[in-house]
Amino acid sequence: MLKELVKRSRPLPSGSKLLIMGGGFSGQHFAALMRSLGNEVLCTRRDNQKPGADLIFNSSTNQILPETAFEGVTHVLSCIPPSPKGEDPVLIHLQNQLKQLKLKWVGYLSTTGVYGDSGGSWVKESDTPKPQQERSKRRLSCEIAWQLSGLPVQIIRLPGIYGPGRSALESIKSGKCKLIDKPGQVFSRIHVDDIAGATLHIIHQASKGWSPQIINVADDKPISNKDVLLYAAKLLAISNPPLQPFKIAAKTMSPMALSFWEENRRVSNELLCQTLGYKLMHPDFKVGLEDCLLQDNFNQN
Ligand SMILES: NC(=O)c1ccc[n+]([C@@H]2O[C@H](COP(=O)([O-])OP(=O)(O)OC[C@H]3O[C@@H](n4cnc5c(N)ncnc54)[C@H](OP(=O)(O)O)[C@@H]3O)[C@@H](O)[C@H]2O)c1
């Protein structure tokens, strides 16, 4: 829960100003953490009707930030996915402006999809990326563009993101999900609290000169989707969804859904948690889902 995260976090030094490019699910959460800690934050969204839209940036409609948006900015986090052509929307439009700032830190939220399929074994940052899906190849191109940008960037690779309002609890409540049975298949996950907490921890460590260029931010326990849904059903006291073998479920899956099931890997968080010393708030899906339920109940009351 954000309140707990705030208690265990330290703000950025006074005078810091954070610009979040793409204040969606993860971006808004990080913004909320940093504002609660007293730091100045600006968030972009594509549409000024969306909550938390301090500034409008939309690369598809060429709505680009004015020069004034960058005044005093010291830290930048980009949460914007690649364009359909595989270009990075922020770098394409704003790289020159960003390079003129005296930035202390830049972060880019990427995905662990760049590792491709490891047949269920652990993947770590030093492994050569072997993206299979076109979207993961586009993502790797953006990572490379950020690495070559000359900006003080760290790449944060994320597996499946969940959190309050976006978790297996919603899938169970929809009454439409199935327990897909594919023996041996696991997925790694990360709770949005830990994306925010780990990002801040990474910034603090970088300020002490400890700044690996690529860092996985994942929880301790890759697990099957089925187990996560079963636990969500238990928490909600709803009967289990029907079980379906993968071969049958695959026949009606969208190409996008199917592509996730084509890759099997366990994402190592050793660099983040052992080397850089980050302590996960939600080390596994059980703790994380319990938090989502608590937060959902809190929001309803
Ligand atoms: N969802 C997952 O499980 C997952 C897993 C691994 C990595 N990731 C990646 O991690 C990052 C953060 O994930 P998230 O789930 O927090 O993302 P999200 O909620 O979808 O937020 C993405 C943000 O990017 C903005 N955006 C998208 N296209 C844009 C464009 N052409 N021009 C300007 N802004 C644009 C969106 O604008 P609006 O606010 O106006 O919508 C939004 O603020 C994303 O890059 C995502 O692809 C996601």
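**Entry 1: two neighbouring strands**

I started with strand S4 (residues 75-78) and strand S5 (residues 105-111), which pair in the parallel sense over four bridges. Pairing here asks for at least two bridges found by DSSP between two strands. Strands and helices are DSSP runs, numbered from the N terminus: at least two residues (E) for a strand, at least four (H or I) for a helix. Which residue stands opposite Trp-105 in S5? I found His-75 there.

A note on what I am looking at: this is a predicted model, where local features need pLDDT of at least 70, side-chain atom pairs count only at pLDDT 80 or more, and totals for chains, interfaces and linings use all residues. Residues are numbered from 1 along each chain as its sequence is written.

**Entry 2**

Next I traced the open sheet: seven strands in the order S3-S2-S1-S4-S5-S7-S11, with parallel pairing. A reminder for myself: strands of a sheet pair through backbone hydrogen bonds.

Then I looked for helices packed on the sheet. Helix H4 (residues 134-147) touches S5 and strand S7 (153-158), and its direction makes about 165° with that of S5. H6 touches S4, S5, S7 and S11, at about 155° to the direction of S7. Axes are lines fitted to C-alpha atoms (for helices over the stretch in contact), and angles run from 0 to 180 degrees between N-to-C directions.

**Entry 3: two helices crossing**

How do helix H2 (residues 25-36) and helix H6 (residues 192-207) cross? Their axes come within 9 Å and cross at roughly 60°. That makes H2 oblique to H6, since angles under 35 degrees count as roughly parallel, over 145 as roughly antiparallel, 65 to 115 as roughly perpendicular and the rest as oblique.

I listed the contact (C-beta atoms, placed from the backbone, within 7 Å): H2 gives Phe-25, Ser-26, His-29, Phe-30 and Leu-33, while H6 gives Val-192, Ile-195, Ala-196, Thr-199 and Leu-200.

**Entry 4: around the ligand**

Last, I counted 23 residues surrounding the ligand, the closest being Gly-22, Gly-24, Phe-25, Ser-26 and Arg-46. The cut-off is a C-beta atom, placed from the backbone, within 6 Å. H2, S5 and strand S8 (160-162) each supply at least two residues of this shell. H2 has the largest share, three residues.

How values were computed. Two residues are in contact if their C-beta atoms, placed from the backbone, lie within 7 Å.
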